[in-house]
There are 2 protein chains.
Amino acid sequence: MKREVLELLKENKVKITNEREVIIEILQQTTKPLSPADIFLRVRPQLPKVNLTTIYRNLEMLEGLGLIKRVGFNKEYFSYELLANRPHHHHAICKNCGKIEDLENISEKFVDQVSRQTSFKIEDHNLEFFGYCKNCRRENL
Amino acid sequence: MKREVLELLKENKVKITNEREVIIEILQQTTKPLSPADIFLRVRPQLPKVNLTTIYRNLEMLEGLGLIKRVGFNKEYFSYELLANRPHHHHAICKNCGKIEDLENISEKFVDQVSRQTSFKIEDHNLEFFGYCKNCRRENL
DNA sequence: TGACAAATGCAAATGATTTGCATATATTAT
DNA sequence: ATAATATATGCAAATCATTTGCATTTGTCA
């Protein structure tokens, strides 16, 4: 667990438990969004007694602190990814196999456009693309 | 129910039931995305015996035919909106009161950008903005 | 009008997420 | 180091949206 994260947790009087260390490390080691169940499966080998509830509660806490972001894919459930890991980006999701590709370098100009044309004070946005990855396109032929 | 819709249903051997007529009319009369429960509540006054299951099954059917689009908001459940009602657009969702504003006229140039920079064959995308609407911004002061 | 496939209503199943509560653990002051 | 205490965890049960099985009803088409 990185120093910065550790400090942020301490600042917020959050106890550093084994469960939290493992959950955060897993999030740090991954480049793809993980669902609570995904994380659970990866924590268990290290902490066999861990409970799914603990995963949920910690994800909620981490989201509250602004460390992770919740992303929702089409017919799927929510997943989470660490904000610190990479700069703001979007996803391309394969409709067939569920493969997720990160899209970086997308111009954020349109975000400014939106902020201008709405009366809302925009703070965040989600942008997800759906289609078929290379492999699944082949299968469809 | 508009003629075009009626024809599309018949083409696909879908029976024209009272439930379907009412569900489709409700979707046609609304400019905001509606959840299955929303639709259920609006159908019931006209068809008191209608069951939520029927709403779900028909939404699935309409989505399959490409008549409606499923949109997922942040911590909320899925909602549906009729594609024919308006051209492609996006949403701004108030983090406080849940108010939804439609955003039209957003340049779609970035969609082309994406198609070029990924190996995916992009077919669709979701774009949602989150922030605070005029009223809720006032309340926060 | 009758035959038949498709749609509905109802009840129960499912699956993710949440909650209550007793126990365990990290933190803080002693 | 140790004790006191607030917080976190595990477990079981509750919740809530969504799905499924099946008997009954209803459109559609000959």
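This is a predicted model: local features need pLDDT of at least 70, side-chain atom pairs count only at pLDDT 80 or more; totals for chains, interfaces and linings use all residues.
Two strands count as a pair here if DSSP finds at least two bridges between them.

**Where the two chains join**

Start with strand E5, residues 121–132 of chain A, and its partner E5(B): the two run antiparallel and are joined by 11 bridges. To find your place along this pairing, look for A:Asp124, whose bridge partner in E5(B) is B:Phe130. Another spot to check is A:Asn126, which stands opposite B:Glu128 of E5(B).

Now widen the view to the sheet. It is an open one with six strands, and the order is E4(A)-E3(A)-E5(A)-E5(B)-E3(B)-E4(B), with mixed pairing. At the edges sit E4 of chain A and E4 of chain B, each of which pairs on one side only. From one strand to the next, the twist averages 25 degrees.

What does the mixed pairing look like inside chain A? Strands of a sheet can pair either parallel or antiparallel, through backbone hydrogen bonds. E3(A), residues 90–94, and E4(A), residues 100–103, go antiparallel over four bridges. E3(A) and E5(A), on the other hand, run parallel and are also joined by four bridges. The table lists some residue partners you can pick out.

| Residue | Partner | Strand of the partner |
|---|---|---|
| A:His91 | A:Asp102 | E4(A) |
| A:Asp124 | B:Phe130 | E5(B) |

**The contact as a whole**

The contact between the chains takes 30 residues from chain A and 30 residues from chain B. On the chain B side, the elements giving two or more residues are strands E3 (90–94), E4 (100–103) and E5 (121–132), along with helices H5 (109–117) and H6 (134–140). E5(B) provides the largest share of that side, 12 residues. Sorted by class, the chain B side has 13 nonpolar, 10 polar and seven charged residues.

**How the copies are related**

Two copies of a chain are related by a rotation about an axis and a shift along it. In this model, chain B is superposed on chain A by a rotation of 180 degrees with 0.0 Å of shift along the axis, and the RMSD is 0.1 Å. That is the relation of a two-fold axis. The same surface serves both copies, as 100% of the contact residues of chain B recur in chain A. If you want to locate the axis, go to B:Leu127: of the residues of chain B, its C-alpha comes closest, at 2.2 Å.

**Around the DNA**

Which residues are closest to DNA strand C? Of the 24 residues that surround DNA strand C, the closest are A:Lys15, A:Ile16, B:Glu19, B:Asn51 and B:Thr54. Helices H3 (36–43) and H4 (52–64) of chain A each give two or more residues to this surface, as do H2 (18–29) and H4 (52–64) of chain B. The largest share, four residues, comes from H4(B). By class, the surface near DNA strand C has 10 nonpolar, eight polar and six charged residues.

DNA strand D is surrounded by 24 residues, the closest being A:Glu19, A:Asn51, A:Thr54, B:Lys15 and B:Ile16. The elements that give two or more residues here are H2 (18–29) and H4 of chain A, together with H4 of chain B. H4(A) gives the most to the surface near DNA strand D, with four residues. The classes there come to nine nonpolar, nine polar and six charged residues.

Technical notes:
Residues are numbered from 1 along each chain as its sequence is written. Chains are lettered from A and ligands numbered from 1 in the order in which they are written. Two residues are in contact if their C-beta atoms, placed from the backbone, lie within 7 Å. Ala, Val, Leu, Ile, Met, Phe, Trp, Tyr, Cys and Pro count as nonpolar, Asp, Glu, Lys and Arg as charged, and the others, Gly among them, as polar. A residue is near a molecule or strand if its C-beta atom, placed from the backbone, lies within 6 Å of it. Copies are superposed by least squares on the C-alpha atoms of residues with pLDDT of at least 70 in both. Axes are lines fitted to C-alpha atoms, for helices over the stretch in contact, and angles run from 0 to 180 degrees between N-to-C directions.
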